[in-house]
Structure formats: structure tokens, C-alpha cells
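Here is a short briefing for a first look at this structure. Keep the sequence and the 3D view open while reading.

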Amino acid sequence: MKIAIGGETLFWTSPKPPERTLCLCERGSVRSVTLASVLKDYYGYADVLAAGLATTTKVTLGLLRAWAQLVIVVGNVDLAVLAYEKGLRDIKLLDVGTDRWLMPMHPDLVGEIVLMLERTGLPRVAIYYSNKETYLRAVNAAWERLKIT
């Protein structure tokens, strides 16, 4: 997995995590909520917000962007383009594709997000497992589906 936008591969290399992170998807109810939860619960991030690109006004997105130190679009390239059209710059794309899970915190989605985040080297404050067995099953299932060796 790579995180890319505009053909450029992007990796997080900062040893210190951002204090304020904004997670965006299309409607702000599945992928961005899941990413925000993973960043809070598994990575120990404190201030993480989720929002939808199609359901949030350009003015509000501008205010959220000004607040955030890191903006992650979780979805596909089309959503990254939409974010750009809405005036958002300096964003990262976590390409999990279109919403096929239909519910936040679906184990398959959690697994894919965790795998992608691990590949980026995103700094971690701490790892908290509310249910370690479910987390490990999701990660193992994602590894198997993605045929990562």
C-alpha cells in the first residue's frame, strides 16, 4: 500500500504525532469515523475529528483545515480531487477505495486502515486495544485479502 496524491508517494516521518488531525471521507459517517477511531484508540491521538466532503460546506472545511495540523482523506483519488476542489491543500490520501462496508468500525475496514497506517510510519503515541482479539483478526484478514507477503 502506498499513500499517494498527484502521483507523489507521501510518508509521515515526523517522530511526534500531530496534535490536531482531520479525517475526511465522502459523507463523514463510515471511513473517516473509522480512521478517527483507529487514530484515537490504537494510536493514542487526542484531537481527531471526522467530517464528510460532500456534506460539509466549503467554509466549514476551511475552518477545519485551519485547525488541523494533518488532514487525511480516506477513500479514493476522486475524494482527494473533491477535497482539492473545495480548497483543501496539503492533504494525505489513505486509499481504501469507495465505501463497501456501510458501517463504521467494520473489522475489514479497521484491518485495512491499520495496515495502511503501519506502512506509512505514522507516529504513534500509544496503542490501546479495547478488544485485542477483534483487532488482530481484522488485521490478519486484511493481510490475507490484500495478499501482502
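A residue counts as buried when its relative accessible area is under 20%, as exposed when that value is over 50%, and as partly exposed in between. The model shown is predicted.

- Helix α3 spans residues 77-85.
- Its buried residues are Leu79, Ala80 and Ala83.
- These residues lie on the same side of α3, because they cover an arc of only 105 degrees around the axis.
- The other side of α3 holds Asp78 and Glu85, both exposed.

**Helix α3: its two ends**

- Asn76 sits at the start of α3. One of its side-chain oxygens comes to within 3.1 Å of the backbone nitrogen of Asp78.

**Leu82 in α3**

- Leu82 also belongs to helix α3.
- Is Leu82 buried, exposed or partly exposed? Its relative accessibility is 24%, so Leu82 counts as partly exposed.
- Leaving aside residues up to four places away in sequence, Leu82 touches Leu53 and Ala54.
- Leu82 and Ala54 are 28 residues apart along the chain. Their C-alpha atoms are separated by 8.4 Å.

**Helices α1 and α4**

- Helix α1 covers residues 31-41, and helix α4 covers residues 107-120.
- How do the two helices pack? Their angle is about 60 degrees, and their axes are 10 Å apart.
- Angles from 65 to 115 degrees count as roughly perpendicular and those under 35 as roughly parallel. At about 60 degrees, α1 and α4 are therefore oblique to each other.
- The crossing of α1 and α4 is right-handed.
- On the α1 side, the contact is made by Arg31, Thr34, Leu35, Val38 and Leu39.
- On the α4 side, Leu109, Val110, Ile113, Val114 and Leu117 make the contact.

**Thr120 in α4**

- Thr120 is placed in helix α4.
- Its relative accessibility is 4%, so Thr120 counts as buried.
- The Thr120 side chain reaches the backbone oxygen of Leu117 at 2.7 Å.
- Leu117 is also one of the α4 residues in the contact with α1.

Definitions and conventions. Residues are numbered from 1 along each chain as its sequence is written. This is a predicted model: local features need pLDDT of at least 70, side-chain atom pairs count only at pLDDT 80 or more; totals for chains, interfaces and linings use all residues. Side-chain values use heavy atoms; hydrogens and water are left out. Buried means under 20% relative accessible area, exposed over 50%, partly exposed in between (1.4 Å probe, protein chains only). Helices (H or I, at least four residues) and strands (E, at least two) are DSSP runs, numbered from the N terminus. The arc is that of the directions from the helix axis to the C-beta atoms. A polar contact is a pair of N or O atoms within 3.5 Å; within protein, one must be able to donate a hydrogen and the other to accept it, and residues adjacent in sequence count only if both atoms are side-chain atoms. Axes are lines fitted to C-alpha atoms, for helices over the stretch in contact, and angles run from 0 to 180 degrees between N-to-C directions. Angles under 35 degrees count as roughly parallel, over 145 as roughly antiparallel, 65 to 115 as roughly perpendicular and the rest as oblique. A crossing is left-handed if the near helix is turned anticlockwise from the far one by less than a right angle, and right-handed if clockwise. Contact means heavy atoms within 4.5 Å.
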